[in-house]
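Okay, everyone, thanks for coming. Let me put the model up on the screen, and then we'll walk through a few spots together.

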Amino acid sequence: MTRDARGHGYARGHGKGDRGAGSPRRPRPAGGAPGRSRTPDRARLTALEALTKVRTDDAFANLVLPPMLDAAGLDRRDAGFATALTYGTLRLRGRYDAIVSQCVDRPLERVDAVVLDVLRLGAHQLLGMRVPSHAAVSASVDLAAHAAGRGAATFVNAVLRQVAAKDLEEWLALLRLDAPDESTALAVTESHPLWIVKAMRQALIKNGRDASELAALLAADNTDPQVVLCARPGLITPAQLAKEATAACRQSPRPGDVSPYALILPGGDPGRIRSVRDSRAGVEDEGSQLVALMLSEAPVPGHDERWLDMCAGPGGKAALLGARAAQRGARLVANEIAPHRARLVSASVRALPEDSIEIRCADGRDIGALEPGNYDRVLVDAPCTGLGSLRRRPEARWRREPRDVTELAALQRELLTSALKAVRRGGVVAYTTCSPHVLETSLVVRDVVGRLNRQGQRTEVLHAGQAATRIAPLPPVGADQEMLQLWPHLDGTDAMFCALLRRTS
C-alpha cells in the first residue's frame, strides 16, 4: 500500500506526472479516423484512456481503471486483457521508450503524447504479451487512427513493424550494449529511473544483501503482485475466509508465508467475497499484515489498554490492529490527517466493536506534545516514496524524484519523534515504511533515537527480526537483522521496513 505525502495531506508538490511525452492530448471521441472504417476494440481503448488519465490527471491506475472497465461493459476475459495491458505498459514504460527511440527519427519528446502511449501499448503487446505480431500492429494502428488521426496511424504502423522485427531478448541485448554502465543497463532493461536503481542497490547492501540481487529485485517490481487476503482476528478465521473465497471466486486460496492471517488468492475478484465486502476481512499485502502484528505482539510490561495508529489511512493496518486490540480488551485510536482518508479508515474498521476503535482526523506530528506518554503501543506507518510497492503502483516510479526522499524523510522524523513522545515508558513504537530506501528507514530511526537519547529520553531498539520470526509461519529472509526489511524478490511481499522501539525513560 503506497503511502505518500500527498495522500496523507502532507502535500509538498509531489507527483509531477509524465514529463517526457510531448504535448498531451486526450483521445478523440468515438467515430473513427478519416479513411478508416475500423474502430479499436474496447479493451485496448480502455487501456489507452487509463494511460491518458494517469498522464494528464496525475491519477493512479488502480483507482481509475476499475470504473473504466465497468463503464466499458467488458467481459471477464477482455477486462483481464485491458488490466494486464495497462499495468504492464506502465511498469515497463522505460524499457519500451528506449526501444521505440531506436525506431523513430526524432526525440520522444517530439512525439505526440497520445501517439507515444499507443506505441507503448503496442510494444507491450509485441514484447510482453502473447499477442501475435500482426494483431498487435493492426490493433495499434486502429487505436492510433481513432485517437489521433490517419497520419498518426501511418507513423504507428511503421514504428511497430520495426519493433516487431526483433524479439524481446534481442532488444534487451541491444539496450545493454548501448548502455554506458551496469546501472544504466539495468535502469533501461528493467524499466526503473536510474536514481531508483542506485537507491535499491544501496538498500540491498545496507541490509546485508548482495548487490548481485539487484536485477532480481527490479524484475520483481515488474511482476503482477498476488492478491492477498487478511482474515481479521476475532471477526473471521482463515479457514472460514478460505471457504468463502473458494465459493465466491471458484479458486482455493493457500495460507500465507509471513502472516498467520493471510491467504493467497490465485484468481477471481476479492470484492465478491462477503467478508471482504463487510470488512471482516480485507485485501492487504502480507508484509503490511506482518508489521502491524509485530507491534501488537511485542511484549509491553504493565497495562496495555491504549493503542495508536498515527497515520491510519487507508485503514488496512488499523483494521488488523483494531481487531487484535478488541481481542485483548484494548482500544485503538486511528488517527489520519486527511479527511477523505479518514473516511476510508472508517469503512475498513466498520466490523469492529464500536467501543474498541476511535477515529480521529488530526496531524500526527502534534500528538506527542498534546498527549505525552498516553499510549502503550504506537504505529507510525509513515508517508514515504512507496518504492517498496512499485509492482502495485506502476506509475509511481515515473513520478518520484530524489528530492521527494529528502522532503519525506524530514516528515518521517517529525512523526517518529511525536510517536516516541506519545508512548509511555515501557511502551513500544513500530516505525514502518513501504520503502527500502536507507534515507527513509534505518537512518530515520538512528537519527531520531540518537537525538532523543541526547535530550534525556532513552529509547532502545528491539530486535524486529526476532519479533517477526515469532509470528511468521516462514521466517522472513532478513529475520537476523535488528531492523526488518522485507523484499519482493525474496519474501514475496512489498518491501516493507519495520523497526521496533521501546521507550525506557
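Let's start with a question: is Ala312 buried or exposed? Ala312 is buried, because its relative accessible area is 3%, and buried means under 20%, with exposed over 50% and partly exposed in between, using a 1.4 Å probe and protein chains only. Ala312 sits in the loop between β5 (306–309) and α15 (316–327). Its C-alpha atom is 6.8 Å from that of Val345, 33 residues apart along the chain.

Quick housekeeping. This is a predicted model, so local features need pLDDT of at least 70 and side-chain atom pairs count only at pLDDT 80 or more, while totals for chains, interfaces and linings use all residues. Residues are numbered from 1 along each chain as its sequence is written, and side-chain values use heavy atoms, with hydrogens and water left out. Helices (H or I, at least four residues) and strands (E, at least two) are DSSP runs, numbered from the N terminus.

Now, helix packing. Helix α5 (residues 113–127) and helix α6 (residues 133–148) cross at roughly 165 degrees, and their axes come within 9 Å. Axes here are lines fitted to C-alpha atoms, for helices over the stretch in contact, and angles run from 0 to 180 degrees between N-to-C directions. So α5 is roughly antiparallel to α6; the cut-offs are under 35 degrees for roughly parallel, over 145 for roughly antiparallel, 65 to 115 for roughly perpendicular, and oblique for the rest. The contact (heavy atoms within 4.5 Å) includes Val118 and Leu121 of α5 and Ala136 and Leu143 of α6. Its residues divide into eleven nonpolar, four polar and no charged.

Next up, helix α10 (residues 194–206) packs on helix α11 (residues 214–221) at about 120 degrees, axes 10 Å apart. That makes α10 oblique to α11. Val197, Met200, Arg201 and Leu204 of α10 meet Leu214, Leu217, Leu218 and Asp221 of α11. That gives six nonpolar, no polar and two charged residues.

Last one: aromatics. Rings of Phe, Tyr and Trp (its six-membered ring) pair if their centres lie within 6.5 Å, with planes under 30 degrees apart stacked, over 60 edge-to-face and the rest tilted. The count comes to one aromatic pair. The ring centres of Tyr431 and Phe497 are 6.2 Å apart and the planes are at 70 degrees, so the pair is edge-to-face. Tyr431 is in strand β9 (residues 423–433) and Phe497 in strand β12 (residues 497–503), 66 residues apart. Both Tyr431 and Phe497 are buried.

Notes:
Nonpolar A, V, L, I, M, F, W, Y, C, P; charged D, E, K, R; others polar.
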